[in-house]
Number of protein chains: 2
Amino acid sequence: MYSEPMMALSRQDHVPGEIGSGEGLASVFRRQAEERFEPGAALFWEGDVAAHLFQIIEGVLRVYKIIGDGRRVITGFLYPGDLVGLSQRRCYLYTAEAVTRVKLRRVTRNRFDEEVNGSPTLRPELFARLSDEMEAAQDQMVLLARKSAEERVASFLLAIARRASAHLDGQPLIDLPMTRLDMADYLGLTIETVSRIMTRLTSRGVIAASGRHAIVVRQPLKLEILAGEGDDGAHDPIAVAYSRQAVWPH
Amino acid sequence: MYSEPMMALSRQDHVPGEIGSGEGLASVFRRQAEERFEPGAALFWEGDVAAHLFQIIEGVLRVYKIIGDGRRVITGFLYPGDLVGLSQRRCYLYTAEAVTRVKLRRVTRNRFDEEVNGSPTLRPELFARLSDEMEAAQDQMVLLARKSAEERVASFLLAIARRASAHLDGQPLIDLPMTRLDMADYLGLTIETVSRIMTRLTSRGVIAASGRHAIVVRQPLKLEILAGEGDDGAHDPIAVAYSRQAVWPH
DNA sequence: CGCCTAATTGAACTTGTTCAAGAACTGTGG
DNA sequence: CCACAGTTCTTGAACAAGTTCAATTAGGCG
């Protein structure tokens with residue numbers, strides 16, 4: 001339901017710029033210098049010593065693992081406000097790479113641990129983020145284990161659209177900064193299948209393409225049905241919350 | 001690599017009965033009465049108000065979600081020592097059900113939160129468990145997104161075998177308490193595919209069946225290769241640690 | 001404006017699913 | 001202790017969804 005990855009720790013209700021109750025963790029990074037990464041540049045690689053934590057200010061990141069013969073699995077895309085690099089292990093368990101140009105701040109692991117562990121405000125916030133990511137991971141497992149290609153793509157577009165609408169850019173144009181290969185590696189499909197389904201959704205009028213990296217969702221309700229949220233979710237408090245709030249102007 | 005589910009929070013090095021550095025969380029449950037669940041009985045359902053947390057003493061649990069038309073995804077199997085029901089939400093996000101006869105203890109969420117949040121020993125332990133589960137979730141995503149049916153089944157058997165060997169029951173007989181349907185719903189396959197692959201592994205001599213709910217791993221190295229740990233993992237500290245330690249008497 | 005990469009589209013193929021029997025285990029009761 | 005019943009598991013054959021391989025097209029950026 002969410003596209004946030006594991007260990008990426010974003011609150012679903014996060015709105016960049018809002019320094020509200022849920023955004024205390026940003027204070028840990030506030031004094032750090034701003035860094036910049038160009039598209040394709042890696043923040044760190046799987047196996048690197050996990051010395052730092054990062055918070056994204058601007059741009060989008062992909063986080064992935066590679067197995068044996070080069071198969072890649074993107075475990076998540078990270079957006080402004082998200083934390084990157086949280087781990088109890090000595091080394092990072094995945095690679096983090098810029099999709100777009102990215103601005104971020106970093107702190108050392110020690111510094112982060114001290115500040116968060118010492119603060120009765122920050123601790124529960126971190127834990128809440130972890131829980132949200134756990135939930136996102138479970139949803140992704142459901143998607144990968146049991147959803148059809150069309151349901152996967154629909155779910156993905158829906159998650160991105162919801163995130164965008166939560167960020168109050170009232171415009172209906174949804175940005176898809178990642179490539180088709182990124183989408184495929186996130187959804188456990190091939191590039192060709194993703195492409196075919198995007199085409200099909202477009203020709204059915206569910207979405208409209210605006211170049212290759214932006215779409216308009218023309219039929220949100222239909223997209224929800226295609227995503228496999230048809231029957232179920234009646235007793236799922238999150239799904240209910242979502243369907244009650246007017247995500248788009250229907 | 002591990003079969004622990006999300007929010008199930010077991011430390012990989014956990015050994016039941018060992019009251020060592022990593023097992024302080026058991027103390028939270030120690031005074032509670034022991035409860036018993038028969039096979040098939042649910043501890044709680046997805047959507048129930050999340051009032052309690054549980055720690056398993058004995059037996060195996062499955063944790064799952066259902067989507068729309070009845071498709072089921074098992075997000076994990078839980079073993080003695082594991083915690084069940086950790087969530088920041090008002091309601092449980094999944095159903096937890098006994099596979100075998102299960103003994104466990106429960107505490108209220110409030111009680112758990114107080115005790116853990118008040119203890120500088122317990123807090124990092126809980127966080128470490130969360131991180132382990134996050135790692136397990138990522139591995140499961142890799143499995144579901146990019147591994148073949150044979151790799152999935154091999155990975156699963158390997159994880160179970162490693163868990164068993166870590167629990168120092170030196171016997172080579174590995175218990176598989178769950179049904180083929182459970183395995184299928186965990187691995188994103190059908191019952192028939194799981195069955196065919198188990199048969200194939202047996203006829204190739206990689207494993208030997210002992211009834212339907214126990215196997216002997218006859219060729220651990222071959223199983224590792226089939227699981228897709230062939231090339232990669234050279235710079236993966238965990239994989240390296242595993243392959244260095246003699247998990248079985250080769 | 002033109003090149004180069006990314007995306008689309010088509011056709012053949014593969015893997016795993018579905019549907020349909022049949023066999024084997026488990027647990028119960030005689 | 002054995003037989004029976006019910007379920008779970010196995011096996012086979014047809015099928016389908018998604019992949020693979022191979023061009024072709026289209027965007028985007030210089």
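This is a predicted model: local features need pLDDT of at least 70, side-chain atom pairs count only at pLDDT 80 or more; totals for chains, interfaces and linings use all residues.

**Entry 1: the two chains together**

I began with the area buried between chain A and chain B, which is about 4,800 Å², with carbon and sulfur atoms giving 64% of it. Buried area here is the accessible area (1.4 Å probe) that two parts lose on being put together, summed over both. I noted that the size of an interface is often given this way, as the accessible area lost when the parts come together. Met134(A), Met141(A) and Arg146(A) supply 16% of the area that chain A buries against chain B, more than any other three residues.

Residues are numbered from 1 along each chain as its sequence is written, chains are lettered from A and ligands numbered from 1 in the order in which they are written, and side-chain values use heavy atoms, with hydrogens and water left out.

**Entry 2: who touches whom**

I looked up the contacts (heavy atoms within 4.5 Å). On chain A, 51 residues are in contact with 52 residues of chain B.

Next came the salt bridges, each a side-chain nitrogen of Lys or Arg within 4 Å of a carboxyl oxygen of Asp or Glu. I found 10 salt bridges between chain A and chain B. One of them joins the side chains of Lys65(A) and Asp139(B), at 3.4 Å from N to O.

Which element gives the largest share of the side of chain A that touches chain B? It is α3(A), with 19 residues. Helices (H or I, at least four residues) and strands (E, at least two) are DSSP runs, numbered from the N terminus. By class, that side of chain A has 23 nonpolar, 12 polar and 16 charged residues. For the classes, Ala, Val, Leu, Ile, Met, Phe, Trp, Tyr, Cys and Pro count as nonpolar, Asp, Glu, Lys and Arg as charged, and the others, Gly among them, as polar.

The same surface serves both copies, as 100% of the contact residues of chain A recur in chain B.

**Entry 3: DNA strand C**

I counted a residue as near a strand if one of its heavy atoms lies within 4 Å of it. DNA strand C is surrounded by 16 residues, and Ser195(A), Thr199(A), Ala149(B), Thr193(B) and Arg196(B) are the closest.

A polar side-chain atom of Arg180(A) lies 2.9 Å from a phosphate oxygen of DNA strand C. For Arg196(A), a polar side-chain atom lies 2.9 Å from a base nitrogen of DNA strand C.

**Entry 4: DNA strand D**

Around DNA strand D I found 19 residues, including Ala149(A) and Arg196(A) among those that come nearest. Arg196(A) has a polar side-chain atom 2.8 Å from a base oxygen of DNA strand D. A backbone N or O atom of Ala149(A) lies 2.7 Å from a phosphate oxygen of DNA strand D. Here α6(B) gives the most to the surface, with five residues.

Notes. A polar contact is a pair of N or O atoms within 3.5 Å; within protein, one must be able to donate a hydrogen and the other to accept it, and residues adjacent in sequence count only if both atoms are side-chain atoms.
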